[in-house]
Each structure stands twice: as C-alpha cells, then as structure tokens.
Amino acid sequence: MFRIGCHLSISGGYAAMIREALSIGASNVQFFTRNPRGGRSRPPDPEDMAEYNRIAAENSFGPALAHAPYTMNPAAARPELRQYALETMLDDLSRLSAIPGSMYNFHPGCHVSQGTDTGIALIASLLRELLQSGSPTVILLETMAGKGSEVGGTFEELARILEQAGSPGADRVGVCLDTCHVYDAGYDIAGDLDGVLGEFDRILGLERLKAVHLNDSKFGFQSHKDRHELIGQGALGMDAVLRVITHPSLRDLPFYLETPNDVPGYGREIAMLRELRGD
Ligand code: FE
Ligand code: FE
Ligand code: ZN
C-alpha cells in the first residue's frame with residue numbers, strides 16, 4: 001500500500017486533523033507539535049487524542065509524524081537555548097506517547113560559528129538525553145540542505161551524531177530523507193538515485209531510513225537553498241519523483257508532502273501520485 005500524506009495543521013486538534021487528512025486521500029500525516037516558531041502550547045486533550053487513535057485504527061492510518069519547531073536549535077551556543085530545545089522536545093515526546101506508532105522528526109540544528117564538530121557533539125548530547133526519557137516514539141533526524149551553518153547536510157554528519165549519541169538502535173533513532181534537502185545538499189537523486197541510496201546504506205544503513213519528505217526543489221542541485229516546490233514543478237521534476245516513490249528501497253516507507261500548498265492542493269498532489277504509482 002502506498003503510504004502518502006502531507007503536512008497539516010494541528011490547530012483544530014488531532015481528531016479534526018485526521019478527518020481532514022482522510023478527506024483528501026492521505027494515509028498518514030505530519031504536523032507541528034506546537035507553533036513552529038516555538039513557545040508554549042496548550043497540552044493536548046486526551047479525549048481528542050483518543051478520538052484520533054480510534055479513527056486511525058479504523059482506517060489503517062499512519063504513522064503520525066510530529067515535527068519539532070524548526071526555530072529551536074539543539075546546537076545553539078547559549079546553554080539556555082539548548083536547554084529550552086531539550087525541554088520542549090521532552091514535552092513533545094511525552095505527549096506523543098499517547099499516539100501509538102508515532103515518530104518525532106527534528107532538524108539537527110545550526111552550529112552558528114562554533115564549527116561542525118562542536119555542533120555535532122551538542123546535538124548528540126541532546127539526543128542522548130531524549131533517549132534516556134524512555135519514550136516509545138521513534139526519533140528521526142532530518143537530512144538538511146546544508147544552508148548556512150546547518151548540521152546534517154551530509155550523511156556522514158548524521159552518522160557522527162548517531163555514533164556520539166551511543167549508536168542507538170534503528171528502532172529508536174532513524175533518519176527522515178527530505179528529497180528537496182538532499183538534492184540541494186548535493187546528492188543527485190535525480191540523476192543517480194541508486195548511487196545516493198547506496199551511499200546512504202554504506203554510511204547510515206538503510207534500516208535507519210524511516211520516512212521521506214517528498215518535495216520538489218525550487219532551486220537546483222547543490223544550491224543549499226532549502227526552498228520547496230510543488231511536485232513536478234521544480235528542479236527535480238516528475239521523472240525523479242516517480243523514481244523515488246517506486247524505488248524498491250523507498251516504496252514501503254511513509255511519504256509526507258511539504259510542498260507549498262493549501263489543503264485542496266495537497267489533495268490534488270496525493271491523487272496524482274497515487275495515480276502514478278497505481279496502488
Ligand atoms: Fe523539516
Ligand atoms: Fe522536510
Ligand atoms: Zn525544507
């Protein structure tokens with residue numbers, strides 16, 4: 001079964017979000033746990049989450065992929081900012097324990113002139129602390145475009161974070177491959193998808209690959225820009241997207257669209273992609 005969904009808003013609650021997802025043909029969903037710019041958020045209503053779980057079970061829906069606020073920086077230079085990131089993420093994980101099978105994705109962070117080595121060490125120590133919380137939720141590091149001082153623009157950097165975090169099992173920590181980001185970072189998934197996945201396997205292990213952010217890229221190969229584009233309308237193009245969604249190493253993973261779209265637009269992209277794959 002083709003597990004394809006998109007990023008939706010949680011502002012109306014979990015049950016409203018899954019109803020909206022189902023109404024546009026999505027089989028899984030990504031959402032921000034709270035305002036992506038960070039800050040406090042109301043604790044979710046347990047009844048609303050139970051309703052989400054009931055609808056998800058009835059529809060074989062999932063997995064739910066929660067995305068950490070992208071303005072938090074686990075590699076920040078100031079300790080209070082790192083502490084804030086850690087506390088927010090621990091709070092997110094404790095909420096997500098109410099959603100079976102959910103996963104939690106975060107951007108590794110920016111080393112902000114401290115250098116990549118320091119950035120990696122800081123991110124690894126945060127990840128260690130998250131793992132000590134005992135949360136059942138699988139944590140995902142997202143592949144980044146390598147914009148500015150971003151850490152995680154290469155598979156090697158992600159591998160070093162995992163190693164320094166104590167090499168947690170792939171059932172605890174995985175990787176979310178963002179097609180826009182990896183292409184921007186200089187992995188030619190349009191010209192040599194097999195080669196890129198071979199490299200991923202060698203450096204990280206394909207068993208770590210848990211989810212795909214399916215986006216086209218507004219700018220070209222190695223642009224390091226991180227600007228998402230509608231499916232088929234960017235530098236990757238339709239042929240490359242089709243190879244991604246049908247590749248034997250990827251086809252059984254859950255895909256999440258993060259294209260610049262409103263909800264009906266996501267519905268159209270999901271329908272188009274289902275049509276292309278034919279399952
Ligand atoms: Fe992201
Ligand atoms: Fe992404
Ligand atoms: Zn992005």
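Which residues line the largest cavity? The legends below take up this question and then turn to other close-up views. This is a predicted model, in which local features need pLDDT of at least 70 and side-chain atom pairs count only at pLDDT 80 or more, while totals for chains, interfaces and linings use all residues. Residues are numbered from 1 along each chain as its sequence is written, chains are lettered from A and ligands numbered from 1 in the order in which they are written, and side-chain values use heavy atoms, with hydrogens and water left out.

**View 1. The largest cavity and its lining.** The largest cavity is lined by His67, Ala68, Pro69, Tyr70, Met72, Pro74, Phe106 and His107. A cavity is a set of points, on a 1 Å grid over the protein atoms alone, where a 1.4 Å probe fits but cannot get out, and lining residues have an atom within 4 Å of a point. The volume here is about 40 Å³, a volume being the space filled by probe spheres set on the points, which are joined across faces, edges and corners. Six of the lining residues are nonpolar, two are polar and none is charged, where Ala, Val, Leu, Ile, Met, Phe, Trp, Tyr, Cys and Pro count as nonpolar, Asp, Glu, Lys and Arg as charged, and the others, Gly among them, as polar.

**View 2. The second largest cavity.** Helices (H or I, at least four residues) and strands (E, at least two) are DSSP runs, numbered from the N terminus.

**View 3. The iron ion (ligand 1) and its protein donors.** Donors are N, O and S atoms within 2.8 Å of the metal (3.2 Å for Na, K and Ca), and sites may look incomplete, since water is not among the atoms. Glutamate 142 coordinates both this ion and the iron ion (ligand 2), the two ions being 3.3 Å apart. Histidine 107 lies in the loop between β4 (103–106) and β5 (109–110) and glutamate 142 in strand β6 (residues 138–142), so the pair ties together parts that are 35 residues apart in sequence. Glutamate 142 is buried, with a relative accessible area of 1%; buried means under 20%, exposed over 50% and partly exposed in between (1.4 Å probe, protein chains only).

**View 4. Serine 217 and its surroundings.** Serine 217 belongs to strand β10 (residues 216–217) and is buried, with a relative accessible area of 0%. Its side chain makes a polar contact with the side chain of aspartate 184 (2.6 Å). A polar contact is a pair of N or O atoms within 3.5 Å; within protein, one must be able to donate a hydrogen and the other to accept it, and residues adjacent in sequence count only if both atoms are side-chain atoms. Leaving aside neighbours within four places in sequence, serine 217 is in contact (heavy atoms within 4.5 Å) with Cys180, Asp184, Arg227, Glu229, Gly234 and Ala235.

Methods: On a 1 Å grid over the protein atoms alone, a cavity is a set of points where a 1.4 Å probe fits but cannot get out, and a pocket is an open set with protein on both sides within 12 Å along at least five of seven lines; lining residues have an atom within 4 Å of a point.
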